[in-house]
Amino acid sequence: GKPRAAAPPGPSLGDASTNISGKINELDTKIKGLDDEMRRYKEQLKKTPNNATVKKRALDALKRKRMYENQRDQMANQQFNLDQTAFAIETVKNTQVTVAAMKDASKVLKKEQKKINLADLEDMQDDMEDLLEDVGEINEILGRSYGCPEGVDEEDLDAELACLEDEFESEEIETAAPPTTVFSSPMTPGPLPSAPTSTTSYASASSTAAQPAYVSPAVNSLV
């Protein structure tokens, strides 16, 4: 016989949810119509409170409204379940894609990691450390000062610096003082010996001072 035709695919969750959503809208429309109808009956009962016919119609409208509300709530629950199921299926599909991508990434990572030798990497790091230490030593050697004595005491340097400052001040005072002019005359004795500047000069000055000074006859006559 002829092969049977393939059965048409069943409705998807999206189609079922859309169908239920349309029915919920229809029920909402009916409920709104019944609300308007009950509002009219309420106005009539205000005018004729004892009108049994109007009261019966109002009760029938209220019963239909509650029935439609129950149907609407049931369909809303069905639509919620369909949406939850669709969301779960979508989540599973996304998870499958994520897992597949992670598997491929894991393979690539393993392949690329094999290209790196940890021993070579450690050796390279050790060589870099040694090179940096050598560079530091070279910089230290190049930064040394030539001709500077080792073991110099800082206190001695401070004292020597203070002496140099005193000498500089003395030279500045002598430079700023006006020059003194000395007139030589037969009446005046020769210049006195200068102040001693060292131990040898001090001894020479002492022996000179011990000798009797020469006094000119002219000076004696003035005295």
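Is R72 buried, partly exposed or exposed? R72 counts as partly exposed, because its relative accessibility is 26%, and buried requires under 20%.

## Overall build

This is a predicted model. The chain has 223 residues, and 7% of them are buried. It contains six helices and zero strands. Along the sequence the order reads α-α-α-α-α-α.

The accessible surface of the chain is about 20,000 Å². Carbon and sulfur atoms supply 57% of that area. Contacts were also sorted by distance along the sequence. Among those with a separation of 6 or more, 79% join residues 24 or more positions apart.

## The link between α1 and α2

Helix α1 spans residues 13–47, and E37 sits in it. Helix α2 spans residues 52–113, and R64 lies there. The side chains of R64 and E37 form a salt bridge, at 3.6 Å from N to O. R64 belongs to α2 and E37 to α1, so this pair ties together parts that are 27 residues apart in sequence.

How does exposure compare across the pair? R64 is partly exposed, with a relative accessible area of 34%. E37 has a relative accessible area of 16%. E37 is therefore buried, because the limit for that class is under 20%. Beyond its neighbours within four places in sequence, E37 is in contact with A61 and R64.

K65 is also found in helix α2. K65 counts as buried, because its relative accessibility is 18% and the cut-off is under 20%. Not counting residues up to four places away in sequence, K65 touches I31, L34, D35 and M38.

## Other salt bridges

Side chains of opposite charge can pair when their charged atoms come close. How many salt bridges does the structure hold? There are eight. R64 with E37 is one of them.

R72 and D73 make another salt bridge through their side chains, at 3.8 Å from N to O. R72 is partly exposed at 26% relative accessibility. D73 is partly exposed too, with a relative accessible area of 38%.

K115 and E112 also meet in a salt bridge, with an N to O distance of 3.3 Å. K115 is exposed, with a relative accessible area of 60%. E112 has a relative accessible area of 38% and is partly exposed.

## The negative patch

Which residues gather in a patch of negative charge on the surface? The members are D120, E122, D123, D126, D127, E129, D130, E133, D134, E137 and E140. E129 has a relative accessible area of 48%. E129 is therefore partly exposed, because exposed requires over 50%. Patch members need over 30% relative accessible area and no salt bridge, and the 48% of E129 is the value to set against that area limit.

## The nonpolar patch

A nonpolar patch also lies on the surface. I116, L118, L121, M124, M128 and L131 form it. Together these residues have about 590 Å² of accessible area.

Where is I116 found? I116 lies in the loop between α2 and α3. I116 has a relative accessible area of 53%, so this residue is exposed; the cut-off for that class is over 50%.

## Summary

The chain holds six helices and zero strands. E37 is buried at 16% relative accessibility, and K65 is buried at 18%. The surface carries a patch of negative charge that includes E129, and a nonpolar patch that includes I116.

Terms used:
Residues are numbered from 1 along each chain as its sequence is written. This is a predicted model: local features need pLDDT of at least 70, side-chain atom pairs count only at pLDDT 80 or more; totals for chains, interfaces and linings use all residues. Side-chain values use heavy atoms; hydrogens and water are left out. Patches are made of residues with over 30% relative accessible area and no salt bridge: like charges are joined within 9 Å, nonpolar side chains (Val, Leu, Ile, Met, Phe, Trp, Tyr) within 5 Å. Accessible areas come from the Shrake-Rupley method with a 1.4 Å probe; for residues, only the protein chains shown count as cover. A salt bridge is a side-chain nitrogen of Lys or Arg within 4 Å of a carboxyl oxygen of Asp or Glu. Lys and Arg count as positive and Asp and Glu as negative; His and the chain ends are not counted. The place of a charge is taken as NZ of Lys, CZ of Arg, CG of Asp or CD of Glu. Buried means under 20% relative accessible area, exposed over 50%, partly exposed in between (1.4 Å probe, protein chains only). Helices (H or I, at least four residues) and strands (E, at least two) are DSSP runs, numbered from the N terminus. Contact means heavy atoms within 4.5 Å.
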